[in-house]
Amino acid sequence: MRLLVLLCSLAMPIVGWLSQTGAFGPDQAAVSGRYPTLLVAAGYAFSVWGLIFVLDIAYATWQATGARRHDALLTRIAPVAALGFALTTIWMPLFSAGHFIACVAVIVGALACLAWCAVRLSDGSAAHGRRIAWLALSLHAGWLSLAAFLNVAQTIVAYQWLSPSRMLGWSLALWAIAAALLLALNARMRGNAAYAAVALWGLFAVWIKQTDWPLAGATTSAWVALGIATLLVVQTVVLQLRQRAA
């Protein structure tokens, strides 16, 4: 199982590179550009995948070697982490092929897997001696916590399930659910700085994009993203201070 985690971690950047070369169809930027939404982020935000992939490989290599092979917690999370990596890998060709409903199911599954791992590694002193595992899986879960909602918004527009010309109402509903998820998971992880940091990266990129976006309601969406970011910062600081005082 430890080897499977490593193989799945290596598959992500390989498939990601193939996806960007057009091996599975249009690249992700081209597909995303066809379905503008009020939740889309500035393009630079997606460069965070490079860091996530590097850290996931570092974690996967580390957990498969030395004394870590006998660590009970790492053994417990290994199959779930491997599944999260595998689902992340599968999402990329599905998105290029325009299978958006499947993409939503896959990205939600990946988020559930990696958030579960991050929560386990954030319980009490669980991260002690396992910092690379905590950092890698927390960052991956944090990004997916936001990316899943960007994916849902694009799916709604792609299939025209709701009005693509009057998006503000349903976009605000998605923001409310996203905020609840981010804050709930961050609270469960006792103010996980890595999880919050990558979510803030994404939220700020949404703010940047939406402030200069021609869609009706974009300015409102931009400020909502910034408001959620502010709440996440305050929550993280408060939870971190409580831990230090305990």
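This report describes a few helices and loops of a predicted model.

## Basis of the description

Residues are numbered from 1 along each chain as its sequence is written, and side-chain values use heavy atoms, with hydrogens and water left out. Because the model is predicted, local features need pLDDT of at least 70 and side-chain atom pairs count only at pLDDT 80 or more, while totals for chains, interfaces and linings use all residues.

## The pair α6 and α7

Helices here are DSSP runs of H or I with at least four residues, numbered from the N terminus. Helices α6 (131–159) and α7 (168–188) pack at an angle of about 160°, with their axes 10 Å apart, the axes being lines fitted to C-alpha atoms over the stretch in contact and the angle running from 0 to 180 degrees between N-to-C directions. That makes α6 roughly antiparallel to α7, a term for angles over 145 degrees.

Where the two helices meet (heavy atoms within 4.5 Å), the residues of α6 include Phe-149 and Ile-156, and those of α7 include Trp-170 and Leu-181.

Most residues other than glycine have a negative phi.

Technical notes
Angles under 35 degrees count as roughly parallel, over 145 as roughly antiparallel, 65 to 115 as roughly perpendicular and the rest as oblique.
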